[in-house]
Amino acid sequence: MSQLLGFDFGTHNIGVAVGQTITGTASPLPALKAKDGQPDWHKVEKIIAEWQPKLLVVGLPLNMDGSEQALTDLARKFANRLHGRFGLPVELQDERLTTVAAKEELFARGGYRELSKDKIDSAAAQLILEDYLSHL
């Protein structure tokens, strides 16, 4: 069994989830605050030390037609920084519609009170990671 970490990159918040290859499932973790797309790297290091992932998965924001947008390049830079800092392999995963799906899922579970930004971002990271795991 291998553990993986998934990230839903954003310039102010970065959603985080942990998943397992044996079950193909993921669970949300607390989201990270970011300043201009830069998280507190010590917090990222603690998460990696705690979960010991074999692979990191970063959501790649694309337009609905598959073209790139302004955030696409920033997400790639974040993925490159993760690899450079921690030496773990990093995969990019198409994240189209994950935030919409995350909002729908959270609302269905608990109504509007479940729709905090942190919960949405980490639920999106969970969906990104589960989508990645489903293609293994």
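The backbone nitrogen of Gln-69 sits 2.9 Å from a polar atom in the side chain of Thr-72. That's a polar contact: a pair of N or O atoms within 3.5 Å, where within protein one must be able to donate a hydrogen and the other to accept it, and residues adjacent in sequence count only if both atoms are side-chain atoms. Keep in mind that this is a predicted model, where local features need pLDDT of at least 70, side-chain atom pairs count only at pLDDT 80 or more, and totals for chains, interfaces and linings use all residues. Residues are numbered from 1 along each chain as its sequence is written, and side-chain values use heavy atoms, leaving out hydrogens and water.

Thr-72 belongs to helix H2, residues 70-86. Its relative accessibility is 0%, so Thr-72 counts as buried (under 20% relative accessible area, with a 1.4 Å probe and protein chains only). Setting aside residues up to four places away in sequence, Thr-72 touches Leu-60, Pro-61 and Leu-62, touching here meaning heavy atoms within 4.5 Å.

Now zoom out. The protein has four helices and six strands (DSSP runs: H or I of at least four residues for helices, E of at least two for strands, numbered from the N terminus).

Methods: Buried < 20%, exposed > 50% of the residue type's maximum accessible area, 1.4 Å probe, protein only.
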